[in-house]
Amino acid sequence: MSSTTSDPVMHRALPVPEGLDGERLDAALARLFGFSRTRAVELIAQGLVQLDGVPPTKSDRVSAGAWLQVELPAPAPHGPAIVATPVAGMLVVHDDADIVVVDKPVGVAAHPSPGWDGPTVVGALAAAGYRISTSGAEERRGVVHRLDVGTSGLMVVAKSEHAYTVLKQAFRERTVDKTYHALVQGHPDPARGTIDAPIDRHPVHDYKFAVMANGKPSITHYETLEAHAAASLLQIKLETGRTHQIRVHMAAVRHPCVGDLAYSADPVLAARLDLHRQWLHAARLGFAHPDDGRSVEFASSYPEDLARALDVVRKSD
């Protein structure tokens with residue numbers, strides 16, 4: 001068997017385990033080596049797989065004890081490396097063979113990125129000994145959605161390649177229930193509504209985003225839970241998942257998240273509440289479990305800084 005690529009390769013040869021007897025070859029490869037079935041099909045098509053010394057097809061069934069030989073192209077670097085670093089205050093809400101759900105504290109990024117050298121969710125999971133999916137770019141392994149550094153709350157990370165594929169598709173098809181709570185300035189009118197406005201990168205400030213006519217479709221549903229003198233507590237559900245979507249949409253309707261100085265929030269109110277980031281929290285996350293399709297839902301309570309700020313707003317009425 002010879003490689004069709006000039007990239008460095010890793011040669012693997014092993015018997016098919018009993019637990020994979022009767023599986024399709026592409027599924028067996030995915031489970032054995034921890035990559036997606038799409039990647040397995042690519043390797044088979046490139047002639048990098050042999051089964052008992054014969055080039056197979058993706059739909060061939062494997063038998064326990066059959067000799068499997070695979071040439072795995074060595075991964076090329078795609079960006080900043082994941083650094084295993086413990087993160088104080090990051091809680092694991094749920095953990096099974098396919099997924100791990102975490103409650104992310106403020107000040108933690110989902111994954112490494114250029115210009116960010118602080119803690120990350122994937123780095124914290126690596127430090128805690130979690131094996132996560134290898135799908136996605138090297139620095140974003142297992143990440144199927146993200147939260148801003150300044151936003152706290154629930155994130156799910158894929159541990160298996162199957163979970164990565166299923167969850168990415170669920171987010172793409174908008175079947176994931178993403179519920180946020182946001183404390184915004186003023187009182188949105190109507191108290192319950194939908195903001196449907198396209199979002200793209202800000203034309204002047206490249207670290208920000210804005211409602212732009214030629215932007216990507218972006219839909220935010222909101223409902224007022226509490227109305228106070230200085231601010232309103234909203235429940236927000238997202239159909240789309242654009243960068244800074246809630247922050248951009250709320251600022252666009254002149255009700256920015258309290259404390260969100262990058263998006264025109266009142267610095268005086270933020271100082272009065274001793275708030276040093278946007279009041280925005282991913283409070284609930286629900287989806288069909290990638291293993292068997294059962295409905296699962298997870299909840300997160302407000303962290304101390306947000307709870308304290310909300311308490312001050314309530315008492316100031």
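This report describes the nonpolar cores and aromatic contacts of a predicted model.

## Basis

Residues are numbered from 1 along each chain as its sequence is written, and side-chain values use heavy atoms, leaving out hydrogens and water. Local features need pLDDT of at least 70 and side-chain atom pairs count only at pLDDT 80 or more, whereas totals for chains, interfaces and linings use all residues.

## Nonpolar cores

A nonpolar core is a set of buried Ala, Val, Leu, Ile, Met, Phe, Trp, Tyr and Cys residues joined through side-chain atoms within 4.5 Å. Buried means under 20% relative accessible area, exposed over 50%, and partly exposed in between (1.4 Å probe, protein chains only).

The largest core has 30 residues, of which V121, L125, Y180, I236 and I246 touch the most other members. Elements that each supply at least two residues include α3 (121–127), β7 (177–185) and β12 (231–238); α3 gives the most, with four residues. Helices (H or I, at least four residues) and strands (E, at least two) are DSSP runs, numbered from the N terminus. A second, separate core of 17 residues includes L43, I44, L68 and L72.

## Aromatic pairs

Two aromatic pairs are counted, with ring centres (for Trp, of the six-membered ring) of Phe, Tyr and Trp within 6.5 Å; planes under 30 degrees apart count as stacked, over 60 as edge-to-face and the rest as tilted. W279 and Y302 are edge-to-face, at 5.0 Å centre to centre and 75 degrees between the planes. W279 is buried at 0% relative accessibility, while Y302 is partly exposed at 26%.

F287 and F298 form a tilted pair, at 6.0 Å and 40 degrees. Because F287 lies in strand β13 and F298 in strand β14, this pair ties together parts 11 residues apart in sequence.
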